[in-house]
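Please read this note with the sequence and the structure open beside you. The points are meant to be followed in order, and each can be checked against the picture.

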Amino acid sequence: MRDKRRTSPVGSSRLLPALFLAAITTGCSFPTTQIETRHASYIANSNAHAMCETPDDGILSSVVRVATDDGADASGVIVAADRVLTAAHVVIDADLSLVRVHGEYRKARLLAVDPGNDLALLAVDTGSLRPVRLTHDDLFDYEQVWAVGYPLALDQVTTQGYFRNEVEGRLFTSAPIEAGASGGGLVRCRDGQFELAGIIRGYGGYWSEGELIPLHNLSIHTPATRIQNFVMRTDGTVL
């Protein structure tokens, strides 16, 4: 979804209508024959996040604001020193991208975009902020996750939900999001440590009588495997 504002990145005005990503309903359903298997998977893996209640300050401080000269106001994640990952649709049409670090907006250089996976990598001075570690394990069924971003160009918000399904390289979760969270982080907990499981792309929706109805509690994310492949191709960095 395109998160647009008609002012400078630090100004304030009404948010323009977002462009929703319509979810494929069959991709988010669970056949009844799989319920027992998925329930067993949840029980077997639930101890993986038993020590986690909500993402800590170290993680939250590394999810940053991203703004552009064409009115976008969205989110990004520090994934390596001086490297910020965001959603491609946030920056792809901009001439100038900015990242807020330590209370100030800093100019960022666009290194590469991957529209198919809705990813963009920015080079910017991230100061002392620590990168968020990328996960190297798949999410398990019904795993608890958190979506972190800056919705509606306001303060940072963390919402909790559960992993629902992966369809064609997109993660579907029940963590609610709003416009402006695009480019933020989908976070999971493994063995008491928080890790980046995905980058927020948008929320789902469905057509009803010619109108697109948003589903804010059906959020869509690009998974860690595609993030790693993109960053490796772009920057040669192993996350």
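This is a predicted model: local features need pLDDT of at least 70, side-chain atom pairs count only at pLDDT 80 or more; totals for chains, interfaces and linings use all residues.

1. The protein contains 4 helices and 12 strands, and of its 239 residues 54% are buried. It exposes about 11,000 Å², of which carbon and sulfur atoms supply 50%. Among the contacts with a separation of 6 or more, 65% are made by residues 24 or more positions apart.

2. As background, strands of a sheet pair through backbone hydrogen bonds, and the pairing can be either parallel or antiparallel.

3. Which cysteines are joined by a disulfide? The count comes to 1 disulfide, and it joins Cys 52 to Cys 189, with an S to S distance of 1.6 Å. Cys 52 lies in the loop between helix 1 (35-45) and helix 2 (57-60), while Cys 189 belongs to strand 10 (residues 185-190), so the pair ties together parts that are 137 residues apart in sequence. Because buried means under 20% relative accessible area, Cys 52 counts as buried at 8%, and Cys 189, at 0%, is buried as well.

4. The largest nonpolar core has 25 residues, and those with the most contacts inside it are Leu 85 and Ile 227. Several elements each supply at least two residues of this core, including strand 2 (73-80), strand 7 (144-149), strand 11 (193-208) and helix 4 (224-235). The largest share, 4 residues, comes from helix 4. In general, nonpolar side chains tend to be buried together in soluble globular proteins.

5. What is Leu 85 in contact with, leaving aside its neighbours within four places in sequence? Its contacts include Val 77, Leu 121 and Ile 199, and also Ile 227, Phe 230 and Val 231. Apart from the core described above lies another core, of 17 residues, among them Val 84, Ala 87, Ala 108 and Ala 120.

Technical notes. Residues are numbered from 1 along each chain as its sequence is written. Side-chain values use heavy atoms; hydrogens and water are left out. A disulfide is a pair of cysteine sulfur atoms within 2.5 Å. Buried means under 20% relative accessible area, exposed over 50%, partly exposed in between (1.4 Å probe, protein chains only). Contact means heavy atoms within 4.5 Å. Accessible areas come from the Shrake-Rupley method with a 1.4 Å probe; for residues, only the protein chains shown count as cover. A nonpolar core is a set of buried Ala, Val, Leu, Ile, Met, Phe, Trp, Tyr and Cys residues joined through side-chain atoms within 4.5 Å.
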